[in-house]
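Thanks for making time this morning. I would like to walk through one model with you, going from the contact between its chains to a pair of helices and then to a barrel.

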2 protein chains.
Amino acid sequence: MPSPRPAADPVQLRDVSLRDGLQSIARTVPTSIKREWLQALYAAGVREIEVGSFVPARLLPQLADTAALVEAARELPGLVASVLVPNLKGAQAALDCGAQAMLLPLSASHAHSLANLRKTPDEVVADIARIRALRDASGSRCLLEVGMSTAFGCTIQGAVPEPEVMRLLRAVLDAGADRVGLADTVGFADPLQVSHLFNQAFEIAGDRLACGHFHDTRGLGQANVFAAWQAGVRRFDGCVGGIGGCPHAPGASGNVATEDMAYLFRSMGVPTGVDVDALLALRQQLSTWLDGEPLHGAIWRAGLPRTLKEAA
Amino acid sequence: MPSPRPAADPVQLRDVSLRDGLQSIARTVPTSIKREWLQALYAAGVREIEVGSFVPARLLPQLADTAALVEAARELPGLVASVLVPNLKGAQAALDCGAQAMLLPLSASHAHSLANLRKTPDEVVADIARIRALRDASGSRCLLEVGMSTAFGCTIQGAVPEPEVMRLLRAVLDAGADRVGLADTVGFADPLQVSHLFNQAFEIAGDRLACGHFHDTRGLGQANVFAAWQAGVRRFDGCVGGIGGCPHAPGASGNVATEDMAYLFRSMGVPTGVDVDALLALRQQLSTWLDGEPLHGAIWRAGLPRTLKEAA
């Protein structure tokens, strides 16, 4: 498919390792280390970082310091700090600490929604409308982004019908989401499916469709990023070191590695502002900070090709 | 880019593990094991297999049994046995044993050509013309395919100018190659470059451009396969278990795994005739036969997604 947007448009990479990565790792990383991690991402040129999640600390104690991380992120000029928010209470916490963006998860799979959030997708849509009203009443400019998970299939339910994805997309836009992304939470997507679903979704959401979130569970992460980029997506989630993973696929690698996407776009001549080598240095630090946890990704093995090093 | 060919066209996967894979592994696998390997590939539905190379046994002792493997391959109905041939003497050996296809390597990089074949690219083109004359004089129907290596860049030379790739493409077609493929020998390619180079090459070679050969050195193997498929390529090289690799990039993974490509195309609904699970079983055997050698690829980690298992 020819891209509906200029190929030279910059691409924004949002690193979600401090949230999507750490939520699937049992250990608690000290806040001081997380601050270093945040600063290293920023120094590498990443300008949007998901720093944590406002879920009850008893569920995810490893993310209990989210407010402190938002505070640290707000000190870095030009950085957008986003937080995951599962409900109204979390949204209030996000507004209270001054997060610049909230990620509201919505599962397109009914079964996944019940298992993960204990609500049907339509109940979540109703929550989103309430969160929009709360945000507006507060006078905050915090962006509301809905991340539509399991949009390409679900480990519990199996196939997720495309008309249901499109129905929910319309519903969240009607409920007041500022923007929405499609997520392949469990690594089921293939690049043709990605082309197709994003093309359909652009018809409905236009510029409010603003994120692709892919996992590399089965090795198609980068192919799916490329297909979404061809469809016009100019913003992607990733995790440095490819951490993340999926509790339903043991041994499987996680989110697409941020450094791998930075390499892909740099190879293609698409500006991201992100430095691959700086992310590789951070990845090296993660192997110490997360000692024993598997890291993933690909560009770390051989490094940049000579042709790119010479161009630099 | 819209594909110039119907998306439903079948795709042919040629497994080259017995040649490209084993030539970069020092150990010699016994011929009896290689026969089992060949038969397992065939049983998985692979219908074109590169079984070895007619290079001097002192250079690659691990491929010295190539003629015996061609003989074994010829017993399998409908299987095309191809062999790599570096010169006229090798071509005679290929004709003598009844191989159905010869792969003639030609480096688009002058420096790589000298290092690898001790000849300039144009000297290799002259050899190809002689091999064509030999083939025609013999009355054989053995297909002559030129594999243009380092078409996307070279570890020794760096960038390989596109006009030089196109000039050599015209030259090998004029010299009598029946078909030609473009190879990213060292894993430098990105999917936009792949789109671009294959689109250009189709203009020159038409249907005689008949193979994409990618390495997954930097994690873009599948994205590059997808981009080449979009450009119209319907035949790809791969190695089961992702063996192969490149002596110039230590630690880097090798050829795109045949099972990963079979998964990609199955996900997209493109027929290949190849069974992913049967290749995964063979991969498991390789971990015994090649005990200690690193295997690569991705689909082995999590297996087929539930949506595909249910569709089967």
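The contact between the chains takes 35 residues from chain A and 35 residues from chain B, two residues being in contact if their C-beta atoms, placed from the backbone, lie within 7 Å. Please keep in mind that this is a predicted model, in which local features need pLDDT of at least 70 and side-chain atom pairs count only at pLDDT 80 or more, while totals for chains, interfaces and linings use all residues. Residues are numbered from 1 along each chain as its sequence is written, with chains lettered from A and ligands numbered from 1 in the order in which they are written.

On the side of chain A that touches chain B, the largest share, five residues, comes from α10(A); helices here are DSSP runs of H or I with at least four residues, and strands are runs of E with at least two, numbered from the N terminus.

Turning to chain B, the axes of α4(B), residues 88-97, and α6(B), residues 121-138, come within 10 Å and cross at roughly 25°, where axes are lines fitted to C-alpha atoms, for helices over the stretch in contact, and angles run from 0 to 180 degrees between N-to-C directions. That crossing angle makes α4(B) roughly parallel to α6(B), a term that covers angles under 35 degrees. Among the residues that meet there are Leu88(B) and Leu95(B) in α4(B), and Ile131(B) and Leu134(B) in α6(B).

Finally, chain A holds a closed barrel of eight strands, β1-β2-β3-β4-β5-β6-β7-β8, with parallel pairing, where pairing requires that DSSP finds at least two bridges between two strands. The twist averages 25° from one strand to the next.

How values were computed:
Parallel < 35°, antiparallel > 145°, perpendicular 65-115°, else oblique.
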